[in-house]
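Subject: Structure handover

Hello,

Here is the structure for your files. My notes on the fold and on some of the side chains come after it.

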Amino acid sequence: MAFEDERFDRSGPSGLTRIVWKNTHHRRSVVACLVQAAYVLEQDRQGKRGGSEALAPPWWKTFGFQLKRKLVDKADSSIFGAIFEYKPPPFSGNHSADRPRFVVTFQGTLIEGESLARDIELDVQFIRNELHSSSRCKTAMLTVEILVATVGKSKVWLAGHSLGSAIALLAGKNMAKKGLRLESFLFNPPYVSAPIERIENEKWKWAIQVGISLVSAVGALIKKSPERLNQSAHSFAALSHWVPQLFVNAADDVCSGYISHFERQVRMEMIGLRAIQRTASQHSVMSLFLSENGGTQAEPLHLIPSANLSINSDPSLGFVKAHGIQQWWKQDLKLKSKVYKYNN
């Protein structure tokens, strides 16, 4: 896919040519636009725009998709996601085996409008490791389960941005534990940690990373019984063959923790602390603290063993742009990508 120009307006991309689904940049760009479509669907709802006045349709129609279903939050009736079905014209020749049939997308927090209070409530639930118990997340997970059971895992992709990435991650983890590994695109997925990526001194950064691993591992060994530790290890290992695609920006404190998370795994193993890191990678300091202070006993929602991590390190971006979905549909991105595989 190539855009005639790189300008996008409120109604969607201005033009494109044929999508090559094997091209990783094309896949990323198209899926990012489908995530944007979920945002605009909710904005259309709040603005009472329908029919020819709706701004959302070009975000999926331009790419040969159709809106299959809107995902609605039972708590406030807001649209938090959508299911799109890929139906290119028969004469387009764009029927590659690498293409999806359905893409399920989840939007993040809208910083204005009537859904803001509900989004902030869910953001807090994520920080408290309780997002999985929300009605929005339960609806998302059930929707994905039913869709996969109907059409098969190879035809369903997951995608989300920010809070929506957290929901997509939980849905993907749920399916992976059933042995069904879905192609997943997680844009700016939130990671609960201190923003250590901003530390320029590499020695200090590395020392802090080691300290975090030691505190997490020792805390887990002290606070959890052998049975619970074994349960956590088994659950974590069950996810190891699922490799979601994570798209993070080094200047975004919301998601940059994933950079250290995976770097830590490699470095700790290099210095002979593999056993400590294996325990640390399954637990977080925040989740251990919350579990001891009346919080949930659930596994940390944001931790995963494997990923294809792509980093946008564009120094010209401030926080707002670094956290935005708009960066990910650009074709000229210079990303640093690496696949991290967890070895059982």
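Predicted model: local features only at pLDDT ≥ 70, side-chain atom pairs only at ≥ 80, totals over all residues.

Residues are numbered from 1 along each chain as its sequence is written, and side-chain values use heavy atoms, with hydrogens and water left out.

Sheet

Helices (H or I, at least four residues) and strands (E, at least two) are DSSP runs numbered from the N terminus; two strands pair if DSSP finds at least two bridges between them. Eight strands make up an open sheet of mixed pairing, in the order S3-S4-S5-S6-S7-S8-S9-S10. Strand S3 (65-72) and S10 are its edge strands, each pairing on one side only. From one strand to the next the twist averages 15°; axes here are lines fitted to C-alpha atoms, for helices over the stretch in contact, and angles run from 0 to 180 degrees between N-to-C directions.

S6 (residues 156-161) and S7 (residues 183-187) run parallel and are joined by five bridges, with Glu183 in S7 as the bridge partner of Trp157. Helix H1 (residues 24-46) packs on the sheet, where it touches S3, S4 (79-86), S5 (102-106), S6, S7, S8 and S10; contact means heavy atoms within 4.5 Å. The direction of H1 makes about 135° with that of S4. Helix H4 (residues 135-151) also packs on the sheet, touching S3, S4, S5 and S6, and its direction makes about 175° with that of S5.

S3 and S4 pair in the antiparallel sense over seven bridges, and Lys70 has Ala82 in S4 as its bridge partner. The two strands form a hairpin with six residues between them, and Ser77 in the turn has a positive phi of about 65°.

Ring pairs

Rings of Phe, Tyr and Trp (its six-membered ring) pair if their centres lie within 6.5 Å; planes under 30 degrees apart count as stacked, over 60 as edge-to-face and the rest as tilted. The structure holds 15 aromatic pairs. Phe80 and Phe106 are stacked, because their ring centres are 6.2 Å apart and their planes are at 10°. This pair links strand S4 to strand S5, 26 residues apart. Phe80 is buried at 1% relative accessibility, and Phe106 at 0%; buried means under 20% relative accessible area, exposed over 50%, partly exposed in between (1.4 Å probe, protein chains only).

Phe187 and Trp328 form a tilted pair, 6.2 Å centre to centre with 35° between the planes. Phe187 is in strand S7 and Trp328 in the loop between H11 and S10, 141 residues apart. Both belong to a cluster linked by ring pairs, which includes Trp21, Phe65 and Tyr86.

Cysteines

There are zero disulfides (cysteine sulfur atoms within 2.5 Å). Cys33 is buried at 0% relative accessibility, as is Cys255 at 0%.

His323 lies in the loop between helix H11 (319-322) and strand S10 (335-340) and is buried, with a relative accessible area of 15%. Its side chain makes polar contacts with the side chains of Ser162 (2.9 Å) and Asp252 (2.6 Å). A polar contact is a pair of N or O atoms within 3.5 Å; within protein, one must be able to donate a hydrogen and the other to accept it, and residues adjacent in sequence count only if both atoms are side-chain atoms.

Ser256 sits in the loop between strand S8 (245-249) and helix H8 (257-270) and is buried at 2%.

Regards
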